[in-house]
Amino acid sequence: MRSTKALSVLVAVASTVVAGCGSHDDSGRGEPTLDPTSYTTPPTESTGRTTGATTGGSSGGKIIRIGGPNAENRNPSTPWPDIYVNTNRYGCTERHNNGADVPVTITGVQIVGRGIRLVTAWDQCTKMGYTNPVDHGCQGRTLQPDPAKSGRGCLLALYADKVSGARQQVILRLTFQATCRSAKERPCGQVPASKLPATVQWTADETVTARGDGGGGVTTSSPPGSTSNTPSTTTSTS
């Protein structure tokens with residue numbers, strides 16, 4: 001009888017040990033390997049692979065998201081970023097890269113909001129005074145460093161469908177991509193040196209206002225120097 005009880009106890013203990021080992025193995029199986037790398041400023045790495053010279057470089061072929069400059073407007077004769085619907089429902093903006101020391105490609109153009117939309121009415125822009133050689137549409141265009149805004153830019157045309165009350169506001173959002181090879185180049189100083197060369201991406205927002213009362217003294221915000229690093233959905237404009 002004693003030997004039977006002792007055997008039962010041993011079997012129970014053995015079963016408990018086996019079960020414990022099994023549960024430990026299962027919990028550890030399939031766990032993802034976490035990248036311990038972290039950044040002190042906005043940069044984060046996306047999972048999307050890039051193409052071109054930087055693929056497989058120090059950044060591992062990933063896109064590093066940073067804060068960066070907007071493509072500045074060169075507007076010779078219209079009150080951008082305002083559209084006065086009492087006289088003309090169109091608004092045009094000529095964009096130049098005078099904030100980055102490297103060529104930047106505009107990979108996305110998006111209107112966030114309602115009542116104003118992107119159009120391809122380049123003839124309307126010509127009537128407003130846009131006679132410089134420019135590319136029609138900005139998505140997919142690469143802008144060379146142009147601090148004087150005297151080089152070739154790209155043109156965007158917007159149309160105000162309606163005005164809610166005295167004004168209607170939307171956000172014009174541009175997404176940029178560039179290749180960083182040196183931390184001395186703007187805005188590449190945000191990228192850790194160990195990650196160079198790298199492909200970087202950022203977004204920049206600008207408020208556009210359609211006015212139905214001739215202005216009324218309403219103030220609009222200026223384009224920020226840098227914006228959120230969250231990816232945005234892009235819409236083709238050309």
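Me: Before anything else, a disulfide is a pair of cysteine sulfur atoms within 2.5 Å; how many disulfides does that rule give here?
Reply: The count comes to three disulfides by this rule. This is a predicted model, in which local features need pLDDT of at least 70, side-chain atom pairs count only at pLDDT 80 or more, and totals for chains, interfaces and linings use all residues. Residues are numbered from 1 along each chain as its sequence is written, and side-chain values use heavy atoms, with hydrogens and water left out.

Me: What pattern do the disulfides follow?
Reply: With bonded cysteines counted along the chain, the pattern is 1-2, 3-4, 5-6.

Me: Is the link of Cys138 and Cys154 left-handed or right-handed?
Reply: The disulfide of Cys138 and Cys154 is right-handed, because the torsion about its S-S bond is about 100°.

Me: And Cys180 with Cys188: left-handed or right-handed?
Reply: That link is left-handed, with -80° about the S-S bond. Cys180 and Cys188 are both buried, meaning under 20% relative accessible area, where exposed is over 50% and partly exposed in between (1.4 Å probe, protein chains only).

Me: Changing topic, where does Asp82 lie?
Reply: Asp82 is in strand 4 (residues 82-84). Its relative accessible area is 13%, so Asp82 is buried.

Conventions: Helix = DSSP H or I, 4+ residues; strand = E, 2+ residues; numbered from the N terminus. Disulfide = S-S within 2.5 Å.
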